[in-house]
Structures are given as C-alpha cells and as structure tokens.
Amino acid sequence: MRPSQPLPARTRAFTSSLHALGRFDVVGMDEERIRSTRANEYRWPITTAVLGGRAKGVRTTDRDLAGVPVRVYRHASTPAAAAPVVVNLHGGGWVLGNLQQSDWTCSELAARLGAVVVSVDYRLAPEHAAPAAFEDSWAVVRLLAHDASVVGGDATRMAVTGDSAGGNLAALVAIAHRDAIREGRPHAPAGPLRHQALVYPAVDLTLSSPSIAARPDAPVLPRRNIDRFLELYLEGSDLGPADPAVSPLFADLADVAPALVLTADNDPLEDDGERYAQALRAAGVAARYTRYDGVPHGFLSFPGVAPNARQALAEIVQEIGSALA
C-alpha cells in the first residue's frame with residue numbers, strides 16, 4: 001500500500017456531502033430505509049451531471065433472464081445478432097445498489113464496444129443472504145455463455161465486469177465459468193470467458209488487507225460500513241468470510257479468464273485488488289493491475305466529479321475490446 005494522494009476539491013466536496021446527508025451510511029439504516037435507498041434512481045439533471053448520462057444511441061430493454069431481472073443495453077449500430085456480450089454486476093456492498101447506478105458505464109461500454117451489455121439486478125441482503133447474489137449472477141452468465149442468441153449475442157465472445165461487491169461477484173462468476181468448462185457440465189459454456197474487468201473488488205471478506213486497517217475513515221467506504229455490509233450479507237448464511245464461495249482470493253484461480261483489476265488510492269479495498277492481481281499472476285493468469293490516484297472508492301460511478309473516472313472507463317474499454325476482438 002502506497003500513500004494516497006489528496007482528493008481534488010470537487011471530489012472531496014461530493015464525498016463530504018454524501019457523508020453529511022447519510023446517503024450511503026448503512027450503519028444507520030433499518031430494512032425499510034435500505035429498501036428506499038435502493039429504489040432511488042437519481043434522474044434529476046444535477047445528478048445526471050455527477051453520475052453521467054446514458055450514451056447517445058444506446059437503447060435499453062428491461063427483461064428477465066434465467067428468472068433474474070436484467071437491463072440489456074445495445075447501441076443502434078450494433079448488429080442484431082452475434083454481437084459480443086458483456087455482463088455487468090453493480091456495486092453496493094451486496095445490500096444497496098440498483099441497475100440505474102451503472103447506466104453510464106453500461107451504456108458507454110455498449111456504445112464503444114459494439115457489444116450487448118447485460119446488467120444484472122441480483123438479489124440483495126439482508127432479505128437474501130450469501131450466496132443468493134452470486135447464484136443470480138451466475139444463472140444469467142451461465143445461460144448466456146451457453147446460448148447468447150437470446151440477447152442477439154455471441155456466447156464465444158463474453159466478458160464480465162463489476163465494481164466493489166460487483167467485482168467480487170464478477171470474480172466468482174469467472175471461477176464458476178472455468179469450473180463449468182473443466183467439469184463438462186450439461187449446458188456448458190460455448191467457450192472460455194474472454195475477460196474479467198474488476199473495479200476495486202472486495203475479494204477477501206476476512207478483511208485482512210492492510211489498507212482496510214489503515215483507512216478506517218476513508219471517504220465513501222469507512223470501516224463501519226464495511227463491517228455492516230458484511231454482517232448483513234453473511235448473516236443467516238452457511239458461508240464464512242474465508243470461504244472461497246464468497247472470497248475469491250482463496251479459490252483455485254488457475255485457468256480463469258484474463259483480468260484487468262483497477263483500484264483507487266483513497267480506498268480501503270486498494271490492497272484487495274492488488275493482492276488479487278498478484279494471485280492471478282501466480283496462478284498463471286494474465287492480469288493487468290492499475291491504481292488510480294486522487295480518487296475514492298466508487299469513483300467510476302461519479303464521473304462528473306472524479307476526473308479519473310473517464311480514464312478508467314477508457315482502460316476498461318481497451319482491455320475488454322482487445323479480449324473480445
């Protein structure tokens with residue numbers, strides 16, 4: 001863990017306002033408040049300026065795949081059949097978050113990659129403990145990996161991406177995809193997963209990364225929220241924090257998809273991402289690791305106030321695009 005750089009003034013003002021308003025302070029939320037926070041879609045002009053708008057020419061369709069709600073993004077110029085497929089898994093600590101928060105990222109990926117982007121509205125805690133979020137995510141990816149024609153896609157050109165808790169789920173899905181091919185299961189994937197793009201992923205739920213202890217009062221994701229997210233996610237589950245079913249850092253990583261791992265320097269999860277990139281390389285997997293400076297956890301979700309968000313998105317587009325070409 002290297003020293004972090006100061007946040008730019010506008011980023012600092014934004015994160016300070018989040019804390020002042022208690023928007024994402026899950027410690028103070030009961031279940032009713034959690035549900036109402038999830039339902040907020042923040043479609044006012046000022047929030048669009050902060051969170052990013054939907055890319056021009058991209059159309060969306062809300063539907064179910066494998067019994068799971070999803071939002072499908074497709075640019076008007078994308079072919080109606082055999083397009084590459086990218087599955088997105090949103091963040092929110094497995095407790096908060098919704099499809100709208102990924103609109104900017106997903107629509108930009110659809111526009112720039114000429115891909116069909118499928119964003120998964122997986123089940124959330126505390127109503128649904130682990131591994132429900134993974135089960136929904138994998139159900140969608142498993143269906144598309146076998147036959148992506150249901151969204152006009154090509155099952156042999158697939159990638160997954162996710163941020164924070166979604167990065168955790170994307171890593172777990174990549175492992176499950178590898179296992180399905182290894183074991184020759186019924187309705188096995190049509191081919192190997194081409195890529196996994198993991199943005200400040202939570203990969204060690206034992207919270208052993210030094211950056212977590214070193215940044216207890218980090219903007220956006222202070223330690224008290226990390227602890228509460230995990231409590232809500234694992235309460236009532238048979239899985240412990242060290243179980244590879246929820247902590248991909250402890251799984252067999254050989255032969256999983258090549259990866260891009262992005263982290264932020266003002267983020268308690270910085271070391272999670274770096275450790276995961278090192279573990280992937282140790283397992284023989286190609287893994288690119290980039291740390292963005294002067295940004296907090298979640299910065300990709302607010303490009304209007306985090307200058308590095310657009311650069312990070314460009315890197316994701318470049319890496320996924322090369323893998324799907």
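Modeller: Strand β6 pairs with strand β7 (residues 259-266) in the parallel sense, over four bridges; strands (E, at least two residues) and helices (H or I, at least four) are DSSP runs numbered from the N terminus, and two strands pair if DSSP finds at least two bridges between them. The model is predicted, so local features need pLDDT of at least 70 and side-chain atom pairs pLDDT 80 or more, while totals for chains, interfaces and linings use all residues. Residues are numbered from 1 along each chain as its sequence is written, and side-chain values use heavy atoms, without hydrogens or water.

Within the pairing to β7, Ala197 stands opposite Leu260. Strand β5 (residues 153-163) is also parallel to β6, joined by five bridges, and Gly162 has Leu198 as its bridge partner. Between β5 and β6 the chain passes through helix α6 (residues 165-183) in a right-handed β-α-β crossover, that is, clockwise from first strand over helix to second with the strands pointing away from the viewer.

Five of the five residues of β6 (residues 195-199) are buried, so the strand is largely enclosed by the rest of the structure; buried means under 20% relative accessible area with a 1.4 Å probe, protein chains only. His195, Ala197 and Val199 point one way, Gln196 and Leu198 the other.

Key:
Buried < 20%, exposed > 50% of the residue type's maximum accessible area, 1.4 Å probe, protein only.
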